Every structure is written in structure tokens, then in C-alpha cells.
Amino acid sequence: MPSINEIRATMDYGPSPENASEARAWLDRHQRRFGLFIDNQWSEPAALFVSRNPADNEPLAELTQASAADVDRAVAAARRAQPGWAALGGHGRARALYALARLIQKHARLFAVLETLDNGKPIRETRDIDIPLAARHFYHHAGWAQLLSAEFADHRAVGVVGQIVPWNFPLLMLSWKIAPALACGNTVVFKPAEFTSLSALLFAELCQQAELPAGVVNIVTGDGEVGEAIVAHPDIDKLAFTGSTEVGRLIRRVTAGSGKKLSLELGGKSPFIVFEDADLDAAVEGLVDSIWFNQGQVCCAGSRLLVQESVEARFLAKVRARMAKLIVGSPLDKSTDIGALVDPIQRQRIASLVQTARDEGCTVWQPSGALPEQGCFYPPTLITDASTSATVARTEIFGPVLVAMSFRTPVEAVQLANNTVYGLASCVWTESISMALDIAPQIKAGVVWINTANQFDASCGFGGYRESGFGREGGREGLLEYLTPRAEDARPPAPVAVAAAPRVPDAPPAAGIDRTAKHYIGGRQTRPDGGYSRPVHGVDGRLLGEVADGNRKDIRDAVEAAHKQSGWAGASGHNRAQVLYFIAENLAARRAEFAARIAAMTGSADAEREVDVSIERLFTYAAWADKYDGAVHQPPMHGITAALNEPIGVIGMVCPNESPLLGLISLAAPALALGNRVIAVPSCVHPLSATDFYQVLDTSDLPGGAFNIVTGDADELARVMAGHADIDAVWRHDGSAAGCAEVERLSADTLKRTWVSGGRGRDWFDEEQSAGRAFLAHASQVKNIWIPYGV
Amino acid sequence: MTSSRPPNPRRNDGCTLDLDWLGGLRVNRNASDRRAASLAARRSVKKEHQAAWLIQAVRCMDLTTLGGDDTPGRVDRLCRKALRPLRADIAEALGVSGVQVGAVCVYHEMIAPALRSLGGCDLPIAAVSTGFPAGLSSFETRLREVELSVAAGAREIDIVITRQHVLTGDWQTLYDEVRAYRQACGEAHVKAILATGDLVTLENVARASWACMMAGADFIKTSTGKEAVNATLPVALTMLRAIREYAEQTGYQVGFKPAGGVSSAKAALQYLILMKEELGIEWMRPQLFRIGASSLLTDIERQLEHFVTGQYSAAHRHAMP
């Protein structure tokens with residue numbers, strides 16, 4: 001014990017340990033052995049594995065490795081409970097969620113200490129951030145449960161939801177998953193990470209105290225095998241996963257074709273952009289909150305510093321000075337900034353990536369402070385002299401390691417920021433609001449923090465672009481992940497059969513002059529790369545004409561053309577509306593011709609109505625083009641969060657075979673209305689109303705490349721699109737179950753968004769099923785821009 | 001402990017006023033508030049460490065009386081308390097001796113009575129000056145006031161800046177004014193009061209801090225204690241960051257003095273934490289840190305008694321300053 005005078009010489013903080021005795025007492029009350037929480041019952045602990053405190057390797061408790069049979073029981077319990085839980089109504093569920101929020105708050109300190117013991121993160125973070133945000137999430141969603149029937153009257157619960165979370169924010173991720181699921185009337189089978197299950201087990205006790213009906217929340221512990229059992233379970237309707245991009249890819253592949261709704265919140269390599277006019281000292285603190293929060297084990301960590309060259313040296317000097325003040329130590333000490341990594345395996349991975357940086361010629365800097373002698377600790381690390389090609393500049397490190405690079409101009413800052421396969425979060429530091437609000441929409445990331453970092457709130461959606469996953473958590477958009485439009489229930493089990501009529505080989509062609517339709521790429525009719533064409537026969541078996549037989553190179557060209565037409569996304573909603581109205585007007589002028597064509601191809605008695613509804617649909621999305629506005633949230637901070645509905649980018653779509661014109665327009669129009677560029681593969685049986693449509697497009701002021709049409713074999717072209725890394729989403733709506741499954745499976749490589757019909761059909765004439773907000777939601781992704789302010 | 005004590009800082013001679021630098025200063029209010037708010041939650045000082053820190057706070061205190069009703073008797077009480085701020089039994093239990101506050105801070109007319117009360121003791125007297133608190137008497141009068149206070153025996157002069165120079169962006173005049181005060185002070189140290197409550201924005205605070213430091217201020221001080229808003233942590237943060245960067249650029253270490261409203265031991269600890277985090281332990285000593293206060297001392301004594309005895313204390317158990 002140093003004397004008062006000795007301390008006066010050093011002015012050290014001294015130890016300030018949080019008392020962990022309550023948390024240990026809680027563990028002791030359970031004999032430090034836990035079973036599974038299924039159907040409101042605790043199973044006998046079995047197949048035990050040990051959960052340790054990573055700060056000192058102390059065994060905390062033995063947990064049950066759930067078996068496939070356990071997962072079956074949990075899913076069955078959830079299935080039994082779901083109708084009753086949904087039928088309880090919004091108010092009944094609101095009361096339950098409110099009770100859970102209150103209980104979390106009541107046990108806040110116990111949760112905080114338990115989480116710190118289990119995970120190794122500093123007590124300051126669990127106490128001041130994780131647990132309060134978790135409680136807030138339940139409060140907020142108690143409110144959504146209350147309002148659900150009014151605000152989402154045309155939706156229902158998805159059903160039974162499987163949820164898998166990582167170890168970095170155990171209770172917070174639990175709340176992000178469970179609160180919205182329950183609010184919407186779903187029941188859940190939840191799996192915490194095997195390293196960090198304790199707070200979920202304490203939460204299970206609160207579910208009992210809140211008298212949640214049996215089976216509404218089921219918690220199964222264990223390793224990845226338990227996760228696999230959940231993912232593969234046939235009676236789960238929706239999966240929500242937070243974790244690594246690699247596992248996210250696997251889940252996408254495994255669930256392809258299963259019809260399960262899926263949301264993935266995955267990795268990141270988020271840019272932290274510092275402009276020369278930023279408050280540099282403030283930005284340094286932002287960086288601390290960004291990359292040295294939770295030991296850097298944060299999917300949205302600002303791990304790539306991009307600093308303007310004019311202030312680079314000054315800023316890095318400030319960063320180093322600040323790093324030297326970070327306290328690495330016991331997670332239970334109230335003055336600790338950086339606690340323990342979750343597991344030695346994580347430390348090895350980080351150390352090895354840092355070594356790679358050295359090997360590749362980067363400069364690695366760490367402050368000289370000592371690390372605790374035992375336990376799983378890693379010092380804050382700054383890597384400079386790293387180019388974009390350095391491994392550490394591209395790979396998610398998931399540790400307290402910052403990679404710094406510089407930029408010259410705002411344009412270059414955006415290019416560097418987007419030079420990654422990820423797109424989760426980003427920070428922009430500048431004192432110019434004009435600059436900040438210009439840069440934010442250009443960054444391909446689901447969250448932009450302006451002059452702040454790592455802020456979260458239940459009212460603001462969180463989730464990624466690109467390989468950071470899809471789906472949102474929090475906000476209105478987060479609820480949609482746990483709801484199904486009721487109109488979906490009305491969809492026919494299979495599409496209308498459109499088997500081409502038997503060909504009549506000797507019959508004369510229907511038209512006098514041979515017309516072989518080409519592709520429509522970049523606003524021009526282009527010959528197919530392969531030089532082949534496909535015959536198109538009418539309902540009477542006669543040859544109606546020929547269309548280009550597209551191949552992978554035609555898709556490639558269409559993608560290039562689409563990307564060149566970035567101006568379409570930047571055009572105003574008003575401008576896009578004008579173009580869509582013009583298309584409708586020009587289609588109306590040729591109503592009879594299109595109706596005749598449809599009738600000749602399909603024999604439809606409804607051909608005229610199909611053209612009319614197509615025109616109406618164009619009107620619908622022209623109307624929406626300048627009205628599908630985002631929202632402004634007011635989370636608990638001095639500032640606002642702007643939620644923008646941004647276009648997905650380039651969408652490839654395989655259109656239905658029935659209603660060949662209306663199907664094409666129903667899919668393409670909402671996408672175009674929001675600024676997406678489209679590559680459409682029209683009905684391969686009845687493609688001619690699409691190829692006739694070129695002339696309508698040509699006369700409608702649509703910029704070339706915004707809408708590309710490639711005819712050919714649906715399976716082959718869908719395969720190319722699903723695998724193309726520069727297509728952002730693929731939609732397939734031709735009712736081919738196998739084809740849709742393939743699209744979902746192939747999309748996993750780049751984690752592009754998919755929207756597929758599966759084997760089911762859709763009544764394209766029915767406005768409820770085939771138009772409106774649900775379509776617009778698929779054509780957009782929400783970006784939340786946090787804008788704190790103050791003088 | 002004396003062996004490890006760093007030498008006294010070299011006195012700030014100031015430098016040329018750099019208007020471009022001032023113009024380029026940017027302070028983000030929201031982020032500053034956030035940092036200030038989180039700092040107290042990020043650092044914790046308990047038990048004997050807290051006791052040691054509180055003693056350091058006592059040593060860094062400018063024990064102050066600035067009332068229109070000040071008399072030699074009142075000032076005498078203050079000075080005696082300044083020389084022996086801790087109850088003898090508490091000091092003994094803590095194992096510390098000879099603890100004095102940093103200075104006593106009074107109006108010009110009370111310099112002579114204070115000198116008499118302090119006798120030969122080496123405790124500086126700080127005099128508020130230059131038309132304190134508004135600073136709007138004639139420049140000539142203000143300058144003369146400085147000279148008279150120095151002649152009367154004040155070793156530190158707490159000058160108030162002319163706020164209109166900040167509010168109108170007339171940095172050159174502000175610089176010239178402070179430079180003139182610095183010259184008039186001679187050997188006495190200049191503590192420049194920014195009256196940050198009047199300046200309102202943190203960018204004004206940052207620019208005024210820089211102008212005063214460039215003009216040669218030995219300390220920059222937040223408030224007179226008479227503005228509507230006195231010392232706050234975000235304002236302190238802004239001033240400390242200016243001090244840090246000024247030291248990096250010029251090598252001069254400028255002191256910091258929050259004043260007004262710092263009345264609890266907890267608040268004093270927060271300012272010390274801020275000093276340590278933003279500047280380092282060199283700045284946690286009376287040469288470079290002062291807290292302008294009066295009632296603060298009693299609260300610190302109560303906390304120290306609590307540390308010694310384990311029982312909560314009461315104000316009346318400690319000699320009032």
C-alpha cells in the first residue's frame with residue numbers, strides 16, 4: 001500500500017475494483033451449472049462445457065451443450081407458443097416487454113458485472129453502455145408492440161424465429177434480437193455465443209419472473225453445432241444472425257431455397273474519415289470510442305483511419321499521445337479502458353494479423369505501458385505505412401488495431417472509404433455540415449456517424465451494405481424483419497402455367513418481316529455476344545419472332561452499362577417520376593399493339609387489362625418516386641438521425657413468365673423509381689412484349705443503362721447475375737423453386753440481397769400482392785446518418 | 001517525493017499572434033460535451049488515492065474571497081486557513097505535513113491586510129485586477145491597477161480580458177491588451193480570466209485561450225465567478241487542449257485555473273482527472289493548476305476526515321475559511 005505522499009508523487013489512479021460478489025453469488029446459487037431454458041423449464045445440466053473469465057482464466061460455470069433433440073424441443077415449444085403469443089395482442093405483449101425492460105434495469109449492476117466477468121470487457125462499458133442500451137431496446141419495443149396493430153395493420157408475425165448472436169455484446173445483441181421478435185408476435189429459439197452465455201441465462205430467469213408464456217423465449221447454449229441445428233431446422237420461419245461474414249455466407253448457402261426469412265449482421269472494416277477542418281482532438285476521442293471500444297471486438301469498429309494529408313502528421317501524433325493514456329487492465333476496474341479479449345484464440349488471430357502487417361512492411365506502433373501478466377490482453381495498436389493492398393487494410397481484425405491511411409481530397413476519401421467488400425458503418429469528422437452531408441450518402445455503409453462514433457439506439461436502424469450483411473435491427477425497418485405482409489399469404493401456391501403451346505413447324509410466321517429482337521443494353525439495342533437467337537412461339541404454335549439468346553458476356557456488358565449510369569441514382573425523385581410517367585404515356589399510346597402481342601404470345605383474354613394495369617403500375621411508382629421518404633429520428637442525444645432510403649444499386653431480375661409485361665413492369669418500376677439500375681431478364685417463354693418495350697423506353701427520356709433487358713435462358717442468366725460481384729441484388733420471380741434456391745446459394749459469395757418467389761406464384765394484377773411499400777422496401781436499403789449538434 | 005518533482009516550468013514569454021492559426025481552430029461542442037461527460041465515468045480514484053488527490057487539490061487551491069464586503073478581518077481568517085487548510089489531526093493521520101493552499105486570491109485593497117496576516121510565510125497573494133469582473137474601466141486605469149497591485153506585493157495578477165474583443169473578433173487588440181498586462185506585471189504571474197460564460201461558444205474559448213497564451217499569459221482561467229455560467233468541464237477541456245497544443249508548439253507550459261462553482265471534492269477530482277488525461281501529471285501541481293474556490297476546501301476536509309475515520313463528517317467540524 002503506497003503512502004499518501006508516495007501517491008502524491010505519482011498521482012496514480014490506484015485500483016478501483018467493482019465488487020463481483022453478487023454475480024458470483026448468483027452463479028453459486030445455480031451450483032455454477034446451467035441447463036437449457038426450453039418451454040419455461042430448465043433442463044438438467046448435461047454435456048457440460050466450461051465458461052471462463054478471459055481476464056484470469058477462472059472457470060465461471062459449466063454450461064449445457066444442447067443436442068439436436070434439444071433444439072427440436074425448443075423449436076416445438078416455440079411453435080406451440082406462437083399462435084397464443086400473437087393472439088395475446090399488442091398490448092399484452094407490450095406489458096411483457098415492459099416488464100422485461102424493468103427487470104433488466106432492476107438487475108442492471110448484476111448484468112453488468114456478470115457480462116464483464118464472462119466477456120472480459122471493461123465494467124465501465126457494460127455498466128454505462130451495454131446494459132442501459134439493452135433495457136432501452138426492450139422499452140422501445142414494448143412501445144412497438146403497443147402500436148403494432150395500428151402501424152403495421154397489414155402485417156403478421158413471421159412465426160418461429162431462430163436467433164444466433166456473437167460474444168462481443170452478449171446481452172445487447174440478445175435484446176436487439178429478442179425484443180423486436182417478441183414485439184411482432186414471434187416466438188424465439190435463441191442461442192448465445194458459447195464463450196458468453198451467462199447473461200442470456202440470467203435473462204431467461206427474468207422471462208420467468210415476467211411470467212412470459214411458456215415457449216415464447218427458449219434459450220439453448222452450446223457451440224456452432226447448436227447454431228447449425230437451428231439454421232437447418234425445417235420448422236423455423238426466420239433466422240437472424242449476427243457474427244462473422246464467413247458464417248453468414250454458410251447460413252445463406254444452407255438456407256437457400258428453404259423459404260426462411262433471413263437477416264445477417266456481419267463483419268466490417270469501417271472507415272473513420274477525418275477531414276482537415278475537423279476538431280482533431282474530438283476526432284481522436286471519437287477514434288477511441290470507435291476502435292478501442294470493447295477491445296476493438298466490434299463489427300462496426302472504425303478500424304480504417306482515413307485522414308486528410310494536410311493534417312495527417314498532426315493527427316497521428318495526437319492519436320499516439322492518446323493511445324499512451326489508455327489503461328489496459330482488469331475489466332472489473334472502473335478505470336480500465338481496454339479489458340481482456342474474449343479468448344486466447346482471438347488474441348492469437350490478432351497477433352498474427354499484426355505480424356502480417358510487419359511482414360508486409362507496415363509500421364506497427366504500440367504504447368509502452370505494461371499489460372497484465374496473465375489473462376487475455378492485447379495492447380492498443382496503430383499501423384501506419386499501410387497501403388490499400390496491405391492485408392490489415394482489407395481484413396477485419398476484430399481487435400484493438402487501427403490501420404491508418406491518408407487521402408488528398410474528399411473525392412479520394414470516398415473512394416478509399418468504399419474500397420472494401422464490407423459496408424457496415426463509417427465516421428465522418430468535419431466541422432462543415434455541407435461537407436458532412438455531402439459525403440455521408442456517398443459512403444456505402446448502413447450507418448454514418450458524423451462527428452461521433454459507435455452510437456446506438458433502438459429507434460435507429462443498424463445493419464450493413466455489401467458483405468456486412470442485410471436486414472436492419474432497430475427502428476421501423478428493423479421491425480419489418482420480423483413481420484410478413486398479409487398479402488403474401490394470398491399468393492397462389494404455384495405460378496400460372498405457361499407451357500408454350502406445341503409448335504406448328506410448317507405454319508407461316510405471324511409477322512411478315514423477320515424481326516429478331518436484340519438485347520437492350522446501355523440504352524441501345526445490342527446484338528447478343530454469342531450470336532445466337534431463340535425462337536418465340538405464339539399460343540397457336542406459330543413462330544412469333546426471335547429474340548437474342550443472352551449469355552454471361554451480355555450480362556457483363558449490361559452490368560457495366562448500369563454502373564456507368566450512376567446519374568440515375570443521383571437524379572431527383574421528381575426527375576425519375578417524370579421519366580416513369582413518360583414511359584406510361586408512351587405505353588398507353590401503343591396500348592392496342594402491346595395487348596395484341598400479349599394475346600398472341602399467351603392467349604390471355606386479359607391482355608388489354610394487363611397493359612392497363614402496367615400503365616397504372618408505372619403511375620404508382622412514378623407517384624412513389626418523390627415520396628418514399630426516409631425518416632428523422634430523435635434518439636437520446638443532442639442531435640438527429642436521418643434515415644435515408646437509398647437505392648440498392650444494380651439489381652438483376654428474372655421476371656415471371658405469366659403476365660409478361662405486367663410482371664416485368666411490376667418489378668422494374670419500383671426499382672427504377674428509387675434510383676436503382678435494372679438488368680431484367682424477361683419471361684423466357686413470352687419475351688416479346690419486353691423487347692417491344694425498347695422502343696417505349698427509347699422515347700421516354702430514360703437515360704441509357706438505367707434499364708437493361710437481356711433475353712435468354714432464365715436459369716443461365718440468373719446464375720451469372722447471382723455470381724456477379726458487381727450486382728448488388730438479384731430478384732427471381734418466375735416461380736422456379738430450384739432456380740430461386742440456386743440464386744440464393746450463389747448470392748452467398750458476395751452476400752448480395754436476394755428476393756425470390758420460390759415455387760409460389762403471384763397474382764400480378766392484384767395490387768396488394770404485387771405493388772406498394774413491400775416492393776419499395778426490397779428496392780431500397782436504409783442508411784442511418786447520425787448528426788449530433790450543439791454550440 | 002521532492003526528488004521526483006519536475007522543475008518549475010519555464011515562464012511563458014508568448015509568441016507572435018498567429019491570426020491564421022486562430023481562424024483555423026475548430027471545436028465540436030457535442031463531442032466536447034461527450035468527452036467531458038464520459039471522463040468522470042472512465043476514471044475512478046478511491047480510498048488512499050483519493051485522499052492523496054484531494055490533498056493535491058488543496059495545494060492547488062486559490063483560496064478566494066471577492067466580496068464587496070471584504071474586510072481585513074475576513075481576509076485574515078482566510079489567510080490563516082490558507083496556511084493551515086487541514087485540521088492537524090487529519091493531516092497527521094494522513095501522514096502529510098506543511099500542506100498549504102496555492103495562493104490566496106483577493107481584491108487590490110485586501111493585498112496589504114493579507115500580507116500582514118501571512119507574515120513572512122511564502123504563500124503567494126493573487127489579486128484580481130483590470131477592472132474585475134467586467135474589465136471595462138479605462139485601459140489606462142486597468143494597467144495602473146496592475147502596477148499598483150504588483151507594487152503592493154501581489155505575486156499573481158488575475159486579469160480579466162475585454163470580452164468585446166473576442167465577441168467582435170478583434171484578436172489583435174486582445175493580444176496587445178494581455179501583452180501590456182504581462183509587461184506591467186513584471187515578475188508577477190499573469191492569470192488571464194476569459195470569462196467563458198460570456199464567450200458562449202467553445203470556439204471563442206479556444207481562440208481567446210490561444211490569443212492570451214500567445215500574448216504571454218502564465219495561466220488561463222475560466223471565469224470571474226460573476227458570470228451566469230462559470231467553470232464547466234467542456235470549457236475546461238477546450239482550454240486544456242489549447243494549452244497542450246501550445247506547449248507542443250512553443251515548449252511553454254501554461255497553467256489552468258477553473259474558477260466559480262467548483263465547490264465539491266468530487267468536482268475537484270474531475271478537474272484533476274481532466275488535467276491528468278489531457279495534459280499529464282506535470283500539470284497537476286500548483287505551478288500549473290489552480291482551482292479558484294472557497295467553500296470547496298470544507299468539502300474536501302470532510303471527505304478526508306471520512307477517509308481517516310470511516311465516518312461521514314460535517315462542515316462544522318472544520319474551521320471555516
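**View 1. Helix 3 and helix 13 of chain B are packed together**. In this predicted model, helix 3 of chain B and helix 13 of chain B pack at an angle of about 85°, and their axes lie 10 Å apart; axes are lines fitted to C-alpha atoms, for helices over the stretch in contact, and angles run from 0 to 180 degrees between N-to-C directions. Helix 3 and helix 13 of chain B are therefore roughly perpendicular to each other (angles under 35 degrees count as roughly parallel, over 145 as roughly antiparallel, 65 to 115 as roughly perpendicular and the rest as oblique). Helices (H or I, at least four residues) and strands (E, at least two) are DSSP runs, numbered from the N terminus. From helix 3 of chain B, B:W53, B:L54, B:Q56 and B:A57 meet B:A265, B:A268, B:L269 and B:L272 of helix 13 of chain B, where two residues are in contact if their C-beta atoms, placed from the backbone, lie within 7 Å. By class, the residues of this contact are 7 nonpolar, 1 polar and no charged (Ala, Val, Leu, Ile, Met, Phe, Trp, Tyr, Cys and Pro count as nonpolar, Asp, Glu, Lys and Arg as charged, and the others, Gly among them, as polar).

Residues are numbered from 1 along each chain as its sequence is written, while chains are lettered from A and ligands numbered from 1 in the order in which they are written. Because the model is predicted, local features need pLDDT of at least 70 and side-chain atom pairs count only at pLDDT 80 or more, whereas totals for chains, interfaces and linings use all residues.

**View 2. The contact between chain A and chain B draws on residues of both chains**. Chain B gives 34 residues to the contact and chain A gives 35. On the side of chain B that touches chain A, the elements giving two or more residues are helix 2 (29-42), helix 3 (47-59) and helix 13 (265-278) of chain B. That side of chain B comprises 13 nonpolar, 9 polar and 12 charged residues.

**View 3. Helix 14 of chain B (residues 295-309) has buried residues that pack against several elements**. At 1.5 Å a residue, the 15 residues of helix 14 of chain B should span 21 Å, and the end C-alpha atoms are 22 Å apart, which agrees; the expected span is 1.5 Å times one less than the number of residues. Among the buried residues of this helix are B:L296, B:L297, B:I300, B:L304 and B:F307, and also B:D299, B:E301 and B:E305 (a residue is buried if 20 or more other C-beta atoms lie within 10 Å of its own, exposed if 12 or fewer, and partly exposed in between, with C-beta atoms placed from the backbone). The buried residues pack against helix 3, strand 1 (61-64), helix 5 (88-94), helix 13 and strand 8 (291-293) of chain B. Just after helix 14 of chain B, B:G310 takes a positive phi of about 80°.

**View 4. An open sheet in chain A is built from 10 strands with mixed pairing**. The strand order is 14-15-16-13-12-17-18-33-27-26, and two strands pair if DSSP finds at least two bridges between them. Strand 14 (363-365) and strand 26 (631-633) of chain A stand at the edges, each with a single partner strand, so one side of each is left without a neighbour in the sheet. From one strand to the next, the twist averages 20°. Helix 12 (residues 312-323) of chain A packs on the sheet, where it touches strand 12 (271-274), strand 13 (304-308), strand 14, strand 15 (381-384) and strand 16 (401-407) of chain A. The direction of helix 12 makes about 160° with that of strand 15 of chain A. Elsewhere in the sheet, strand 27 (residues 639-647) and strand 33 (residues 780-788) of chain A run antiparallel and are joined by 9 bridges, with A:I787 in strand 33 as the bridge partner of A:I640.

**View 5. Strand 16 of chain A is buried along its length, with 7 of its 7 residues buried**. Strand 16 pairs with strand 13 of chain A in the parallel sense over 5 bridges, and A:R304 stands opposite A:V403. Strand 15 of chain A also runs parallel to strand 16, joined to it by 3 bridges, and A:T381 has A:V401 as its bridge partner.

**View 6. Helix 4 (residues 89-106) and helix 6 (residues 123-151) of chain A pack with their axes 7 Å apart**. The angle between them is about 170°, and the two helices are therefore roughly antiparallel to each other. Residues of helix 4 including A:A94, A:L97, A:Y98 and A:A101 meet residues of helix 6 including A:A135, A:F138, A:Y139 and A:A142. This contact has 15 nonpolar, 6 polar and 1 charged residues.
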